[in-house]
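This report goes through the model shown below, one topic at a time. Keep the sequence at hand while reading.

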Amino acid sequence: MEAMESLTPELERLFAAKEARRHRLAALAFPEKIKAIIKLQEMVAPILRARGKIVRVWGEDCA
Amino acid sequence: MKKTLQILNELEQTSLIGRFAIGGAVGATFYIEPFLTFDIDIFVALPTGKSGLITLAPLYEALRQRGYEESDECVVIEGFPVQFLPAYNELVEEALQEAREVLFEDVPIRVLRAEHLIAIALQTGREKDRQRVRMFVEQAEHDDNYLKTLLVRHNLSEKWKQWRA
C-alpha cells in the first residue's frame, strides 16, 4: 500500500505528461500530422505484413 | 499527399466529381492527434449518370486513364489510397456543404467540420467511432452550440448522451 502511495505522484506526473503530449500532437500543422501518420504506418507495416495482411505505406511506391 | 490533393482538385474543376471534402480518420486528424489509418476518405457529390443513378464508374475510369489503379475499395492516387464516398444521407450532404476551406501547404482543400465528423461518427456507431468521439471531446476545438443543434436536427442527441455518459 505504501509503495502504491509513493508511486502515485510519479504516475500522476507521467499521465499528465502523456496528456500534454497528446494535446501538442493535436496542435501540429496538418502536413506534420500526415507525416506522423506515415511514420505510424512504417512502424506497424512489418508487423501487419508478418501476419499476412497487405499494407500500403503512403507514398512508398512514389519515391 | 500534396499531389494527390491537386489531382482531386483537378477532378472537381473538370466536373468529374462535384464538391468534395476530406472526412474519416484523415479528416479527424486535422483536429485531433494523428492516429493510424491506411486510406483517405473523400466525401464527394457525384454527377448523376445516364441511368439516373449515382455511380463511381466514370470517375474510376477517368482515374484509370491517368494511370491510377484501384486497390480494394480505393484508388491509389500518387501513392495515397483514396476512397471516394458519395454523400449517402442528409447528414453527409450537409457536412459536405459546410466543410471548411483550408490550405494543405499551398493547395486549397476542404475538410469536414469537427462537429460534422463527431455527428457522422455517432451515426456510424462502431467502437472505433466511439473512441474517436472521445478524442474529439478531449482535444478538438469545436462549437458546442453548433454541435447540439446539429445533433438535434439529425436525431443523434440521445446517442450523444449515451456515449458521453
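## Where the chains touch

In this predicted model, 20 residues of chain A are in contact with 17 residues of chain B. On the side of chain A that touches chain B, the elements giving two or more residues are helix 1 (2-26) and helix 2 (30-50) of chain A. Helix 2 of chain A gives the most to that side, with 9 residues.

Sorted by class, the side of chain A that touches chain B holds 12 nonpolar residues, 3 polar residues and 5 charged residues.

## A hairpin in chain B

Strand 6 (residues 100-104) and strand 7 (residues 107-111) of chain B run antiparallel and are joined by 5 bridges.

Together, strand 6 and strand 7 of chain B form a hairpin, and 2 residues lie between them. In the turn, B:Glu105 has a positive phi of about 55°.

## The largest nonpolar core

In soluble globular proteins, nonpolar side chains tend to be buried together. The largest nonpolar core in this model has 52 residues. Which residues have the most contacts inside this core? They are B:Ile42, B:Phe43 and B:Ile118. Helix 5 (residues 114-124) of chain B supplies the largest share of the core, 7 residues.

Leaving aside residues up to four places away in sequence, B:Ile118 touches B:Val133, B:Phe136 and B:Leu147.

Key. Residues are numbered from 1 along each chain as its sequence is written. Chains are lettered from A and ligands numbered from 1 in the order in which they are written. This is a predicted model: local features need pLDDT of at least 70, side-chain atom pairs count only at pLDDT 80 or more; totals for chains, interfaces and linings use all residues. Two residues are in contact if their C-beta atoms, placed from the backbone, lie within 7 Å. Helices (H or I, at least four residues) and strands (E, at least two) are DSSP runs, numbered from the N terminus. Ala, Val, Leu, Ile, Met, Phe, Trp, Tyr, Cys and Pro count as nonpolar, Asp, Glu, Lys and Arg as charged, and the others, Gly among them, as polar. Two strands pair if DSSP finds at least two bridges between them. A nonpolar core is a set of buried Ala, Val, Leu, Ile, Met, Phe, Trp, Tyr and Cys residues joined through C-beta atoms within 7 Å. A residue is buried if 20 or more other C-beta atoms lie within 10 Å of its own, exposed if 12 or fewer, and partly exposed in between; C-beta atoms are placed from the backbone.
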